[in-house]
Amino acid sequence: MLDRPRPEFFDQVFEGNYLIEARQHQVKADFDRGYPCTVLGDNFGNGLSNFFPLFLCKKVIETESSCVVRETPDLFADGVGSGDGQPVPNLTPFARDYVARLGAQPEDLFFHIVALLHAPAYRSENAGALRQDWPRVPLPLTADILRDVPAAVWSYTLGGYQVLKKWLTYREAVLLHRPLTPDEALDFTRHVRRIAALLALHPDLDAHYRRAAGPEE
């Protein structure tokens, strides 16, 4: 009763796709949007959620006219698709050119946006704009910044081996005679996130250890 149904949303929820939840006007004082999800979502919090997918799967014809060039160009496409129902990156011409210029992938840009939306400094410095309009994000000038892996994550060892480096060593192009597949690249990204999450737990794990090892009362 509050909003019309959007059956086209169903087409965008499929295995391997991600969506960012956001809304144009943030009612609450503190910005709390930008949730990534992989399932059919509903309104979050106080409602009026919009979901922006990484890939689009719609039987419509792509048109360049859907992108309006402005001072802060849109990154996500509006009503475009491959025309044959196959998933295509959900990018405007501006975003496609940006990704191609850096030699990056649509996934790099998508998760860059997710990361910034959850950065406390970004939320604080852009609080006013986030309450009034769609979230705008700065775009790095190099692919290294867009794909950045924290040094502590890259150096993480398990069983005496540097985990990420070892994973990549077994998948070098000279051995496989091919580059990484999209699924392999996504698998590597998941490993990075798991290690980062584990390292983020270290202070709590240390505190738990100190409580357990402390003198008995």
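Leaving aside its neighbours within four places in sequence, which residues is Tyr156 in contact with? Keep the question in mind; the tour comes back to Tyr156 at its last stop.

**Before you start**

This is a predicted model, in which local features need pLDDT of at least 70 and side-chain atom pairs count only at pLDDT 80 or more, while totals for chains, interfaces and linings use all residues. Residues are numbered from 1 along each chain as its sequence is written, and side-chain values use heavy atoms, with hydrogens and water left out.

**Whole protein**

Show the whole protein as a cartoon. It has ten helices and seven strands; these are DSSP runs numbered from the N terminus (helices: H or I, at least four residues; strands: E, at least two). Of its 217 residues, 30% count as buried. Buried means under 20% relative accessible area, exposed over 50%, and partly exposed in between, with a 1.4 Å probe and protein chains only.

**Second largest pocket**

Select Glu107, Asp108, Phe111, Thr189 and Arg193. Of the 34 residues that line the second largest pocket, these lie nearest its centre. The elements that give two or more residues to this lining are helix H2 (106-117), helix H5 (143-146) and helix H9 (182-200). H9 gives the most, with ten residues. About 1100 Å³ of space lies in the pocket. A pocket here is found on a 1 Å grid over the protein atoms alone: it is an open set of points where a 1.4 Å probe fits, with protein on both sides within 12 Å along at least five of seven lines, and lining residues have an atom within 4 Å of a point.

**Helix H2**

Select residues 106-117. Ten of the twelve residues of H2 are buried, so this helix is mostly covered. Among the buried ones are Asp108 and Phe111, two of the residues nearest the pocket centre. At 1.5 Å a residue H2 should span 16 Å, and its end C-alpha atoms are 17 Å apart, which agrees; the expected span is 1.5 Å times one less than the number of residues.

**Trp134**

Move to the loop between helix H4 (127-132) and H5, where Trp134 lies. Trp134 counts as partly exposed because its relative accessibility is 24%.

**Helix H9**

Select residues 182-200. The 19 residues of H9 should span 27 Å at 1.5 Å a residue, and the end C-alpha atoms are 27 Å apart, which agrees. Its buried residues are Glu184, Leu186, Phe188, Val192 and Ile195. What covers them includes helix H6 (151-154) and helix H7 (163-169). Zoom in on Glu184, which counts as buried at 17% relative accessibility. Not counting residues up to four places away in sequence, Glu184 touches Trp167, Arg178 and Pro179; contact means heavy atoms within 4.5 Å.

**Tyr156**

Finish in the loop between H6 and strand S6 (157-158), where Tyr156 lies. Tyr156 counts as buried, at 18% relative accessibility. Beyond its neighbours within four places in sequence, Tyr156 is in contact with Tyr161, Gln162, Val163, Ile195, Leu198 and Leu199. Of these, Ile195 is also one of the buried residues of H9. Select Ala196 as well: Tyr156 and Ala196 are 40 residues apart in sequence and 9.3 Å apart in space, C-alpha to C-alpha.

Definitions and conventions. Grid points are joined across faces, edges and corners, and a volume is the space filled by probe spheres set on the points.
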